Amino acid sequence: MTWFPTYGKYSRVAVFLHDGNQWSAYAFAYQKPSWQTLAQTTLSGKNPRQIPPQLLEFAETNKVRRVRIVLTQCVQKLDNVDIPYDAAPEELQTIIALAFSQTTGQEFGTIRVASAFADTFQMGGTNETLYAAGFELSQLELYEKLCQSAGLRFDGCGVLEMAAWATSSRLHDESRFLFLKRDTGFYAVGATEQLPMMTSGITLATPPDERGRETERETSRGTERLQGIARRINTQKSIPLQVWYSSGMDEKRLQELQAIIDPETPVSFTDLSEIAEEIAREIAATPEPNVPAGGGAVAGLPEKEKSPYYAGTLMFFIALFFALFFVAVTYCKLQANLNNINNKIAEWDKLRAERKKLNDKLAAIDTQRNKNEKIIQLLSRKNPLPAALVPLLTELNENMPVYTRLTEIEQIGDEELLLTGYTLYQDGFLQLRPKLNRKMNEYQTLVEQKTLEKIPDSNEQKFVLRVYPSE
């Protein structure tokens, strides 16, 4: 075993992880070349703003001197943050916190930021993009006070979503990642030949009220949200998907999510309690707070100012001079960086607007070209329409029920048709298909009802009929 100093970056560390429902605590010791688990425990509790005394006792029992806390936060993407390569940790924290405040609207100076470069997540991101989450300075100060009362040093707070994302990337190469909390989630997919790495937040369905009831409006909204999540997830259905969810996750929500994932997608569901130790190890392995450090990044408190207790009068004025000089230089540098950031933001906004205009124009051209190609294909064929179309239209003209209308006829392939329409008279519509089939049998053609569904907030029903050869 390799020995390390008691308070150094390799000293024993406790990681307290809160996933929204419970605390998971781990004590780690560094044994070259990795961090080993000394002990672990769990504790129920939905309040992450107070450290339970039992966890502080756990740290003392295992002779831990440092504490890091992992909480769920909203992860933000920061583009084009100009970070000097030789900046000190506190200077880095200032630059990133300023960019974070401009993005989120949170007041600068009241937050501390944990951040990571996109390329550290091994999904094809670049070091020009940062992922970050903010913690209230007042909350960090409260954690420090609680830790100091137990004789422990508070290192800072890490972000559960980022640590879980980094852990998933390390354990499951070339997989997408979806992290689920009670009402929200975080989704990340790696870069492909056509698309860059992308991340987004998702909103789950509104849960039932205290008596288990759910209004029709909430049900409709929940369905729309699930459909939106399905479109996002199934866009790259061939890429394996890792779904990690916090403890106490509603089983119904997991079933709903599982139902919307394309069957072709290799998917794995993992309870966070099964992988929490690896996530905590990611936080423990981060050597220094307040700097971009991968998924295990930690936001700590500002450095304490050191007062010269025994300096003489001359040393006092020299120190004061250098302090003022440092403040002036730092202010000028930060002001220059701020101006540079604002200029880059303005230039980026112009480029995005121009790119959007060009993309819209290109999409319109592609749409028109596709229409023209379809028209050319139809005109180049001797018989562009199915032989059964005219008899079908004649029969519809003679037997169409009242309060029923046909809105669209779509040709699929050479001989298949899809008829879409709306009806207020269901009984009459249900008598239509047998009549059509009796007539269309003469043309070796069948009429099949694909859908008949109620339209929300309307008395009409939408129907789709499929017409295809019987042979």
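Author: Contact means heavy atoms within 4.5 Å. This is a predicted model, so local features need pLDDT of at least 70, side-chain atom pairs count only at pLDDT 80 or more, and totals for chains, interfaces and linings use all residues. Residues are numbered from 1 along each chain as its sequence is written, and side-chain values use heavy atoms, with hydrogens and water left out.

Reader: Which residues is Ala299 in contact with, leaving aside neighbours within four places in sequence?

Author: Ala299 touches Arg112, Val113, Ala114, Phe135, Leu140, Gly156, Cys157 and Asn290. Take Arg112: its C-alpha atom and that of Ala299 are separated by 5.7 Å, though the two residues are 187 apart along the chain.

Reader: Where is Ala299 found?

Author: Ala299 is in strand β14 (residues 298–299). Helices (H or I, at least four residues) and strands (E, at least two) are DSSP runs, numbered from the N terminus.

Reader: Does Ala299 count as buried or exposed?

Author: Buried means under 20% relative accessible area, exposed over 50%, and partly exposed in between (1.4 Å probe, protein chains only). Ala299 has 0% relative accessibility, so it counts as buried. Glu144, in helix α3 (residues 137–149), is buried too, at 17%. Beyond residues up to four places away in sequence, Glu144 touches Phe154, Leu301 and Lys304.

Reader: Where does Thr72 lie?

Author: Thr72 sits in the loop between β4 (66–71) and β5 (76–79). At 24% relative accessibility, Thr72 counts as partly exposed. Its contacts, apart from neighbours within four places in sequence, are His18, Asp19, Leu160, Glu161 and Lys181. Lys439 is 367 residues from Thr72 along the chain, and their C-alpha atoms are separated by 64 Å.

Reader: How do I read two packed helices, and at what angle do the axes of α4 and α7 cross?

Author: Two packed helices are described by the angle between their axes and the distance between the axes. Axes are lines fitted to C-alpha atoms, for helices over the stretch in contact, and angles run from 0 to 180 degrees between N-to-C directions. Here the axes of α4 (residues 160–171) and α7 (residues 272–284) cross at roughly 95 degrees and come within 9 Å. The two helices are therefore roughly perpendicular. The cut-offs: under 35 degrees is roughly parallel, over 145 roughly antiparallel, 65 to 115 roughly perpendicular, and the rest oblique.

Reader: Which residues of α4 and α7 meet?

Author: From α4 come Leu160, Ala163, Ala164, Ala166, Thr167, Arg170 and Leu171; from α7, Leu272, Ile275, Glu278, Ile279, Glu282 and Ile283.

Reader: How many aromatic pairs are there?

Author: A pair of aromatic rings is described by the distance of the centres and the angle of the planes. Rings of Phe, Tyr and Trp (its six-membered ring) pair if their centres lie within 6.5 Å; planes under 30 degrees apart count as stacked, over 60 as edge-to-face and the rest as tilted. The count is twelve aromatic pairs. In one of them, Phe177 and Trp244 are edge-to-face, at 5.4 Å centre to centre and 90 degrees between the planes.

Reader: Which parts does the pair of Phe177 and Trp244 tie together?

Author: Phe177 lies in strand β9 (residues 176–180) and Trp244 in strand β12 (residues 241–245), so the pair ties together parts 67 residues apart in sequence. Phe177 is buried at 0% relative accessible area, and Trp244 is buried at 1%.

Reader: Which residues do ring pairs link into a cluster?

Author: Phe121, Tyr131, Trp165 and Phe186.
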